[in-house]
Amino acid sequence: MVGADQAPSDATLDWVRRLIGFDTTSRRSNRALIDAAAEYLGAQGCDMTLTTSDDGAKANLFATLVPSSGQRTGGLVLSGHTDVVPVEGQAWTSAPFTAVLRDRRLYGRGSCDMKGFLGVALALVPAFRGMALKEPVHFALSFDEEVGCIGAPLMIADLAARAVRPRACIVGEPTLMQPVIGHKAIRLFRCRVQGRPAHASLPQEGANAIEYAARIIVFIRGLADSLGSKPRGHDFHPPYTTMSIGQVSGGTAANIVAEHCEFVFEHRSLPDEDDDRIEQAIRSFVSREILPEMRTAYPLADVTLEQLATVPAFAGDALEPFTRLVEELTGASAGYVSYCSEAGQFREIGIPTVICGPGSIEQAHRADEWIALGQLAACERFLIDAVDRVCGNAYHG
Ligand SMILES: [Zn+2]
């Protein structure tokens, strides 16, 4: 491993700084960043494919650095998301979208999650070109990862449709350069409760959407407690499927029976969890306990449950040759994380995948997000070695 006192190249620092400079908060367009990366990768001779959101405001970029042999199949994917989480409400010491170097750390939104990794990958293109590779290096830059891994599936479906079959994929989420081969799945839902308003002095004439929503929330809490009472996924922290209510809104005023209430909740499941069974338990509670009572007060009362996003679990393989290779190159054994990523989506189309990237998840999503220069240097070394081993001629995984 490269020591913590090592410094990354100027090219890496320039790219990471440049990427941080694009405000790619998930709700905004990422096109300026994608255009800059595409212009550079195109000039370096890469083939490129864009897949976009319906309105075209956001894009994934899949670029392939084709070796002199002309081979476009096989090779290694270096994957990262371009979007970042919001900075609103956070107390930043310096402007979040201007990279600042202090105490051997580079500060800025996305420095760690995950423009550090992307900057290293982009800066290394000239080095990869000089390596006389047999197989291609692919760069997969996605949108809308932070809001439910919504962008990458479009790009991954396009790979499958075009029969692009890479040998392996590195997802560069922050792991302190340790290999990670598993995380939980996420399903995110919105529940909308439609009641009937009334004067608060006559609650029996209305159907109080907030009160019914509260009962559904208590039911979900109970479901979560029962899942938590049987820990069985001992590679994961915590070792069971979790559920959490994230947002609630509803009602008009203290003296009005609430007509509307909605809340958003998610569950994070072990890879072998029966997610449909969890959803079904909530739906049958609503149709058994909530709707009949609401509808005796108001026949048009309704409760809808809408799935907003789903991210598959990532269940990598500790014995797979690519996992072994990443363990060998990093000198660390493969582990598991609590956060989600696009790794399960790559794995779903049969690409051996390991999450391994610079920086710590502890620094992600916070004010004054930073990445240590030593981590960027370690990532440079790792990507050179990984590309050499997978895209050179020594790899048979
Ligand atoms: Zn991330």
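A salt bridge, as I use the term here, is a side-chain nitrogen of Lys or Arg within 4 Å of a carboxyl oxygen of Asp or Glu. I am working on a predicted model, in which local features need pLDDT of at least 70 and side-chain atom pairs count only at pLDDT 80 or more, while totals for chains, interfaces and linings use all residues. Residues are numbered from 1 along each chain as its sequence is written, and side-chain values use heavy atoms, with hydrogens and water left out.

**Entry 1: salt bridges**

I looked up the total, and the structure holds 24 salt bridges. Side chains of opposite charge can pair when their charged atoms come close.

I began with R232, which forms a salt bridge with E273, the closest N and O atoms being 2.9 Å apart. This pair joins distant parts of the chain, since R232 is in the loop between α6 and β11 (242-250) and E273 is in the loop between β13 (260-269) and α7, 41 residues apart. Helices (H or I, at least four residues) and strands (E, at least two) are DSSP runs, numbered from the N terminus. For accessibility I noted that buried means under 20% relative accessible area, exposed means over 50%, and partly exposed lies in between (1.4 Å probe, protein chains only). On that scale R232 is partly exposed at 40%, whereas E273, at 13%, counts as buried.

I then turned to R268 and E266, whose side chains meet in a salt bridge of 2.6 Å, N to O. R268 is partly exposed, with a relative accessibility of 25%, and E266 counts as buried at 19%.

I also looked up R28, which is in a salt bridge with D23, where the closest N and O atoms are 3.5 Å apart. Here R28 is partly exposed at 42% relative accessibility, and D23 is partly exposed with a relative accessible area of 25%.

**Entry 2**

Two packed helices are described by the angle between their axes and the distance between the axes. Axes are lines fitted to C-alpha atoms, for helices over the stretch in contact, and the angles run from 0 to 180 degrees between N-to-C directions.

How do α6 and α7 pack? I found that helix α6 (residues 209-228) and helix α7 (residues 275-297) pack at an angle of about 150°, with their axes 10 Å apart. The two are therefore roughly antiparallel to each other, given that angles under 35 degrees count as roughly parallel, over 145 as roughly antiparallel, 65 to 115 as roughly perpendicular and the rest as oblique. The crossing of α6 past α7 is right-handed; a crossing is left-handed if the near helix is turned anticlockwise from the far one by less than a right angle, and right-handed if clockwise.

For contact I require heavy atoms within 4.5 Å. Among the residues of α6 that meet α7 are Y212, F219 and L227, and among those on the α7 side are R277, F285 and M294. The residues of this contact divide into 13 nonpolar, no polar and four charged, where Ala, Val, Leu, Ile, Met, Phe, Trp, Tyr, Cys and Pro count as nonpolar, Asp, Glu, Lys and Arg as charged, and the others, Gly among them, as polar.

**Entry 3: helices α1 and α3**

The axes of helix α1 (residues 10-20) and helix α3 (residues 111-123) come within 8 Å and cross at roughly 135°. That makes α1 oblique to α3. I noted a right-handed crossing of α1 past α3. The residues meeting here include W15 and L19 in α1, and K115 and L118 in α3. By class, the contact of α1 with α3 has nine nonpolar residues, four polar and one charged.

**Entry 4: single residues**

I looked up Q345, whose place is in helix α9 (residues 343-348), and Q345 is buried at a relative accessible area of 7%. Leaving out residues up to four places away in sequence, Q345 touches C149, A152, P153, I156 and P312.

Next came H365, in the loop between β17 (353-355) and β18 (370-372), which counts as partly exposed at 37% relative accessibility. The C-alpha atoms of H365 and V85 are separated by 6.2 Å, although these residues are 280 residues apart along the chain.

Finally I checked S94, which lies in the loop between β3 and β4 (100-102) and counts as buried at 19% relative accessibility. Not counting residues up to four places away in sequence, S94 touches V100, R102 and D368.
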